[in-house]
Amino acid sequence: MGEFWKIVSAFCVCWYSVNAAHVAEKSGACFPPGFAFGVATASYQVEGAWNVSGKGENIWDRYTHEHPERVFDHQNGDVAADSYHQWKEDVGLLKQLGVNFYRFSISWSRILPTGFSNEINEEGVKYYQDLITELKRNHIAPVVTMYHWDLPQPLQDLGGWTNPMMADYFLDYATVLFDNFDGPVKMWITFNEPLSFCHDGYGGDDAPGGRSSGFEAYLCGHNVLRAHGKVYTLYRARKNGTSKGLIGITLDMSWIEPETTSKEDKQAAETARQFMFGWFAHPIFSAEGDYPPIMRKRIDAKSRHQNFARSRLPHLTPDEIRNIRGSFDFLGLNHYTTYLGSPADNPDSGEPSFADDMGVRITQKPDWPRSNSTWLRVVPWGFRRILNWIKKTYNNPQIVVTENGISLGPGVHDPKRVNYIESYLRALLDAILKDKCRVFGYTYWSLIDNFEWMRGYSERFGLYEVDYESPNRTRTARLSASYYSQIANTRCLPDNYVGYTITD
Ligand code: NOJ
């Protein structure tokens with residue numbers, strides 16, 4: 001625990017003093033000293049100002065403009081919650097909440113309009129500098145995601161993440177970020193949810209609209225891992241290796257529970273965990289590095305069976321394996337829900353695809369309470385299980401929960417959200433206090449309602465409601481904002497909020 005608290009205190013230096021006065025460990029349900037609470041957003045989802053002040057076009061600009069019909073409500077992030085103009089107001093909300101940190105992402109094309117580092121947009125740099133300064137002035141630590149899915153379009157025109165050169169272009173971009181923001185920023189996240197943007201972006205419906213999860217998605221994942229390893233190495237080498245900051249990656253992971261207690265279902269669930277999480281976690285967090293053996297075995301075998309001359313899953317070189325292995329100071333975990341796994345009915349059929357390679361049927365129990373998203377059901381016990389699985393599988397790494405939240409309809413009375421937060425935080429507390437999982441921060445997604453990708457504005461995750469009809473995108477606190485604020489200020493779960501029931 002010694003090393004853990006040393007790093008935490010380096011990271012938490014500004015919030016210890018701020019919240020010391022409020023710490024009240026009266027109730028039994030309290031988080032350990034130094035545990036931090038935050039909220040998150042992402043550039044494309046909240047900023048708007050898509051073509052303002054020198055910003056270049058990114059893949060979500062292009063995709064939503066060319067294919068409005070693919071987005072549920074035919075909307076886009078052109079204005080979104082207008083945080084590019086309303087950022088001071090947003091910092092005000094963070095203050096109101098009393099959170100320790102704000103996780104936001106930097107828009108690559110706002111800083112480098114063409115994606116390349118030969119042309120820096122000073123107005124873009126200033127926007128984030130002002131935001132960071134204001135956060136620090138209010139004792140809120142900035143936690144910066146370098147890439148939350150909004151790739152500059154000119155880089156996509158070169159193949160995007162399927163192009164091996166992307167690892168170097170990302171390194172160049174990271175260098176610009178470190179040169180401009182390292183110091184005030186002490187916590188960096190290279191990538192947000194590579195599973196989502198590689199699988200859904202290059203093999204599904206998300207931007208840039210790739211359609212081959214059996215090829216492109218693996219190339220994307222490969223180059224993202226290479227890029228992450230390079231940036232981690234660069235960061236640790238800066239300032240002659242004396243940098244006090246922390247750098248990690250955020251992976252999304254639902255819990256996959258075996259559908260029954262049968263051996264086959266247990267095996268299928270583990271295979272799904274390895275494909276969906278191990279794909280990125282094994283090369284970085286396991287002692288041996290490289291892709292998970294089960295993924296290598298299944299994709300190699302499938303590729304042979306499909307008469308390909310080589311595996312569709314590329315090979316990392318020994319140098320790359322070494323560079324990627326251990327490239328983390330913490331694991332950022334995005335967790336929302338749970339699925340059931342069992343062997344797929346006909347695992348040998350169909351086009352080469354990620355799902356076919358994995359060969360696992362993924363379902364949910366119809367009686368698990370629903371949110372406003374088709375995929376998100378409320379299963380708090382799954383949170384504790386995934387944390388324990390990570391602890392066991394990757395030698396108990398330090399974790400920050402970088403996203404957790406629920407989508408509901410419009411309206412500020414949101415007891416279901418209060419209940420979701422409460423039940424997930426109780427599961428998290430059990431994982432920390434009873435199971436000794438090393439989690440040192442929790443982030444609610446999201447501070448405000450925002451553009452929920454292919455679901456447009458139809459799903460609202462915010463603690464604050466955004467009025468999309470008003471010119472300033474007025475923000476109004478929900479019941480959940482005051483609830484979460486109480487937790488952030490006391491580090492304890494308030495007793496009197498318990499008792500809401502979640503029904504459909
Ligand atoms: C994951 C993503 O990081 C974020 O962009 C998205 O809005 C939330 N989950 C909710 O789906």
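This is a predicted model: local features need pLDDT of at least 70, side-chain atom pairs count only at pLDDT 80 or more; totals for chains, interfaces and linings use all residues.
1. P142 counts as buried, at 3% relative accessibility. Its place is in strand β3, which spans residues 141-147.

2. The surroundings of P142 include residues from other parts of the sequence. Leaving aside neighbours within four places in sequence, P142 is in contact with Y102, F104, I132, L135 and K136, and also with P184, V185, K186 and M187. For K186, the separation from P142 is 44 residues in sequence, while the C-alpha to C-alpha distance is 7.5 Å.

3. One of these contacts of P142, M187, is also a member of a nonpolar core of 10 residues, in which A36, L246 and V400 are among the other members.

4. The largest nonpolar core has 148 residues, and W161 and L428 are the ones that touch the most other members. Helix α12 supplies the largest share of this core, with 11 residues. For L428, the contacts beyond four places in sequence are F31, F35, F383, L387, V401, V439 and Y442.

5. Helix α12 also bears on the description of a sheet. Spanning residues 263-285, the helix lies across β6, β8 and β9, and runs at about 165° to β6. Helix α16 (residues 380-393) packs on the sheet as well, touching β6 and β8, and its direction makes about 95° with that of β6.

6. The sheet itself is open and consists of 3 strands in the order β6-β8-β9, with mixed pairing. Its edge strands are β6 (255-258) and β9 (360-363), each of which pairs on one side only. From one strand to the next, the twist averages 40°.

7. Within this sheet, β6 and β8 (residues 338-343) pair in the parallel sense over 4 bridges. Residue E257 has L340 as its bridge partner in β8. In general, strands of a sheet pair through backbone hydrogen bonds, in either a parallel or an antiparallel sense.

8. The count of disulfides comes to 2. With bonded cysteines counted along the chain, the disulfides follow the pattern 1-4, 2-3.

9. The disulfide between C30 and C492 has its sulfur atoms 2.0 Å apart. This pair links distant parts of the chain, 462 residues apart: C30 is in the loop between α2 (13-19) and β1 (36-40), and C492 is in the segment after α18 (479-490). The torsion about the S-S bond of C30 and C492 is about 105°, so this disulfide is right-handed. Both C30 and C492 are buried.

10. The other bond joins C198 to C220, with an S to S distance of 2.0 Å. Because C198 lies in helix α10 (residues 194-203) and C220 in helix α11 (residues 216-237), the pair ties together parts that are 22 residues apart in sequence. About the S-S bond of C198 and C220 the torsion is about -65°, and the disulfide is therefore left-handed. Both C198 and C220 are buried.

Key:
Residues are numbered from 1 along each chain as its sequence is written. Side-chain values use heavy atoms; hydrogens and water are left out. Two strands pair if DSSP finds at least two bridges between them. Helices (H or I, at least four residues) and strands (E, at least two) are DSSP runs, numbered from the N terminus. Axes are lines fitted to C-alpha atoms, for helices over the stretch in contact, and angles run from 0 to 180 degrees between N-to-C directions. Contact means heavy atoms within 4.5 Å. A disulfide is a pair of cysteine sulfur atoms within 2.5 Å. Buried means under 20% relative accessible area, exposed over 50%, partly exposed in between (1.4 Å probe, protein chains only). A nonpolar core is a set of buried Ala, Val, Leu, Ile, Met, Phe, Trp, Tyr and Cys residues joined through side-chain atoms within 4.5 Å.
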